[in-house]
Amino acid sequence: MVAAPSYCAVCPCALLVLALLAGGCRPEEQHDRAPSSQRERGRLLLAQYQCGSCHTIPDVQAARGRTGPTLSAFGRRSYIAGHVPNGPEQLVRWIVTPAAVVPGTTMPAMGVSPEDARDMAAYLLALE
C-alpha cells in the first residue's frame with residue numbers, strides 16, 4: 001500500500017509556487033521599472049492633454065473631472081475600463097486608441113502618441 005503524501009509535505013511546495021506566480025504579477029512592479037523622470041513627464045502630459053477635464057488625477061493640475069472615473073490608485077486596479085487586464089502595454093494601447101481596445105467606450109481618442117502614452121501610463125501605474 002502506498003501512502004498518500006501528507007498535507008504538510010505538499011503545502012510548502014504549493015505555497016512556494018503560488019508565491020512565485022503572484023510575485024511576478026504585482027502591479028507595483030510595473031511602475032518600479034519606470035524612471036522617475038518618465039513618470040514626471042507622464043504627469044505633465046496628463047495635464048497637457050487635459051485628461052483632468054473628465055478624470056480626477058492625483059497631483060495633476062486642474063484634474064478634477066467627474067465625467068470619467070477617478071484615476072486615484074490606478075496602479076492597484078486589475079482592469080482597464082473594467083474589461084482589459086491592467087498592464088503597461090495594454091494601458092498604452094488604451095490611451096492611444098481606446099475604442100480599438102474597448103469598442104463602444106465613451107473615452108475619446110485624444111491624439112496621444114505612443115511615446116506620450118508610455119509616459120502617461122508610467123505615471124498612472126505608479127499611483128497607489
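Helices (H or I, at least four residues) and strands (E, at least two) are DSSP runs, numbered from the N terminus. In this predicted model, local features need pLDDT of at least 70 and side-chain atom pairs count only at pLDDT 80 or more, while totals for chains, interfaces and linings use all residues. Residues are numbered from 1 along each chain as its sequence is written, and side-chain values use heavy atoms, with hydrogens and water left out.

With these terms in hand, the protein is found to have six helices and two strands, and from the N terminus on its elements follow the order α-α-α-β-β-α-α-α. Of its 128 residues, 32% count as buried, where buried means under 20% relative accessible area, exposed means over 50%, and partly exposed lies in between (1.4 Å probe, protein chains only). Among the contacts (heavy atoms within 4.5 Å) with a separation of 6 or more, 47% are between residues 24 or more positions apart.

A nonpolar core is a set of buried Ala, Val, Leu, Ile, Met, Phe, Trp, Tyr and Cys residues joined through side-chain atoms within 4.5 Å. The largest such core has 25 residues, and those with the most contacts inside it include Leu-46, Ile-57 and Leu-91. Helix 3 (36–48), helix 4 (88–96) and helix 6 (114–126) are the elements that give two or more residues to this core, and helix 6 provides the largest share, six residues. Leaving aside neighbours within four places in sequence, Ile-57 touches several residues, among them Leu-46, Ala-63, Leu-71 and Leu-124.

| Feature of the largest pocket | Value |
|---|---|
| Volume | about 560 Å³ |
| Lining | 28 residues |
| Share from helix 4 | three residues |

The volume is the space filled by probe spheres set on the points, which are joined across faces, edges and corners. His-55, Gly-68, Pro-69, Trp-94 and Met-107 lie nearest the centre of this pocket, and strand 1 (79–80), helix 4 and helix 6 each supply at least two residues of its lining.

Finally, Asn-86 sits in the loop between strand 2 (84–85) and helix 4, and Asn-86 counts as buried because its relative accessibility is 11%.

Methods: 1 Å grid on protein atoms, 1.4 Å probe; cavity = no way out; pocket = protein on both sides within 12 Å on 5 of 7 lines; lining within 4 Å.
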